[in-house]
Amino acid sequence: QERSHALKLREMGLREQLEQLRSEARDWARGATALAREEGDDDDELGGDFGARVGGELRQVNIVFVCGFEAFNISLYKKVAQSLRRMSSGLINLRVFSDRDIEENQDVVLQALEDSCDVFFGSLLFDYDAVEWLKDKVESVPVRFVFESDLNLMGMTQVGTFTMAMKDPGKKAGPPPAVKKILSLFGSGREEDRMVGYLSMLKFGPKLLKYLPGTKVRHLRNWLNVYSYWNQAGAENVTSMFVLIVNEYIQKMEIEMKQVTEMPNQGCVHPDTPEIFESPAKYLDWYESSGPLKGKGAPRVGVLLYRKHVLTDQQYIPQLIRYFEQDGLVPVPIFINGVEAHTVVRDLLTTRYEEDKSSLKSGHAE
């Protein structure tokens with residue numbers, strides 16, 4: 001209860017900070033808008049020359065998508081490519097590859113990148129050889145989104161005038177000042193909790209930036225919005241994400257772009273219910289009244305799941321849960337984005353007794 005109360009207070013504090021920031025942003029925006037207009041910073045125009053059409057007509061848009069540690073989702077992304085082609089009457093051409101294709105079908109990937117490629121999209125790319133090869137080949141692509149990948153490859157992100165590249169090559173790779181500033185508003189301040197702050201930024205950042213004028217902020221806002229679609233995953237979100245990119249940076253097309261369908265960054269799931277439980281405590285309340293091993297006093301085991309696997313209905317998840325139950329164990333399946341696993345264990349799965357023992361061992365007992 002104490003931990004729950006503390007979390008609620010922290011949430012209230014964050015909301016108050018956000019409201020204060022919104023108020024300050026509105027005041028700043030009034031003066032900045034006039035300056036932006038004087039400088040000819042028109043937010044209604046497509047970024048750079050990317051909005052050019054052929055003879056005033058809509059043209060074909062070529063997008064190359066390379067994913068790394070997500071081979072399990074290749075079939076989903078190919079279905080997205082089919083949907084985009086159908087929705088655009090064949091004008092949006094999304095080519096989907098894995099990093100393995102760079103090794104096994106390199107000529108095909110190279111041809112796609114050199115064939116009037118308008119947009120490069122990459123995610124979870126860490127293989128050294130693949131990264132080094134891509135860095136040289138995507139440099140000439142005008143619009144580049146790279147998420148959750150090797151830092152040097154992420155540095156090649158180019159969205160209008162927004163870039164992730166370091167201006168000083170001698171500095172350590174990392175996000176540009178604009179992103180660092182927003183990141184500083186979120187999180188607990190602990191180094192190990194940076195990803196939690198990053199996820200909070202992705203959720204609230206676009207809402208804050210809507211108060212700020214200027215093309216540069218617009219491109220940062222678009223980058224955040226694109227990642228919001230990507231992070232929420234699912235065929236519908238990914239389809240709308242690519243429509244957003246095309247509309248903002250290539251050409252306006254009359255294609256429906258749905259709002260982001262959101263799913264919590266973490267929660268508990270079970271195959272016997274469609275409900276997503278926000279905490280292990282609420283999940284166990286349900287389990288004790290409706291779960292297969294209810295009322296048996298069975299031991300419990302925590303199971304950490306990759307959120308995207310839950311979003312894409314990977315079949316091993318219900319199978320794994322059933323295996324635990326068959327062995328007389330109550331599974332507590334918690335899905336997470338991945339790198340914040342330690343915060344889940346620390347904040348949701350650690351008892352007061354364990355915390356006290358840890359404090360005694362480290363010499364920090366009160």
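Helices α4 and α5 run roughly parallel to each other (angles under 35 degrees count as roughly parallel, over 145 as roughly antiparallel, 65 to 115 as roughly perpendicular and the rest as oblique). The model is predicted: local features need pLDDT of at least 70 and side-chain atom pairs count only at pLDDT 80 or more, while totals for chains, interfaces and linings use all residues. Residues are numbered from 1 along each chain as its sequence is written, and side-chain values use heavy atoms, with hydrogens and water left out.

**Exercise 1.** Find the angle and the axis distance at which α4 and α5 pack, and the residues that meet there.

*Solution.* 
- Step 1: Locate helix α4 at residues 106-114 and helix α5 at residues 128-137. Helices here are DSSP runs of H or I with at least four residues, strands are runs of E with at least two, and both are numbered from the N terminus.
- Step 2: The two helices pack at an angle of about 30°, and their axes are 11 Å apart. Axes are lines fitted to C-alpha atoms, for helices over the stretch in contact, and angles run from 0 to 180 degrees between N-to-C directions.
- Step 3: From the α4 side come Gln 106, Val 109, Leu 110 and Leu 113, which meet Trp 133, Leu 134 and Lys 137 of α5. Contact means heavy atoms within 4.5 Å.
- Step 4: Sorted by type, the residues of this contact of α4 with α5 are 5 nonpolar, 1 polar and 1 charged.

**Exercise 2.** Describe how α2 packs with α10, and name the residues that meet.

*Solution.* 
- Step 1: Helix α2 spans residues 74-87, and helix α10 spans residues 235-249.
- Step 2: They pack at an angle of about 50°, with axes 9 Å apart. That angle makes α2 oblique to α10.
- Step 3: In α2, look for Leu 76, Tyr 77, Val 80, Ser 83, Leu 84 and Met 87; they meet Ala 235, Val 238, Thr 239, Phe 242 and Val 243 in α10.
- Step 4: The contact of α2 with α10 holds 9 nonpolar residues, 2 polar and no charged.

**Exercise 3.** Is Lys 308 buried or exposed, and which residues does Lys 308 contact?

*Solution.* 
- Step 1: Lys 308 lies in helix α12, residues 307-311.
- Step 2: Its relative accessibility is 6%, so Lys 308 counts as buried (under 20% relative accessible area is buried, over 50% exposed and in between partly exposed, with a 1.4 Å probe and protein chains only).
- Step 3: Beyond neighbours within four places in sequence, Lys 308 is in contact with Glu 70, Phe 72, Tyr 77, Trp 230 and Ala 233. You met Tyr 77 in Exercise 2, in α2.

**Exercise 4.** How many helices and strands does the protein have, and what percentage of its residues is buried?

*Solution.* 
- Step 1: The protein has 15 helices and 10 strands.
- Step 2: Of its 366 residues, 45% count as buried.

Note on methods: Nonpolar A, V, L, I, M, F, W, Y, C, P; charged D, E, K, R; others polar.
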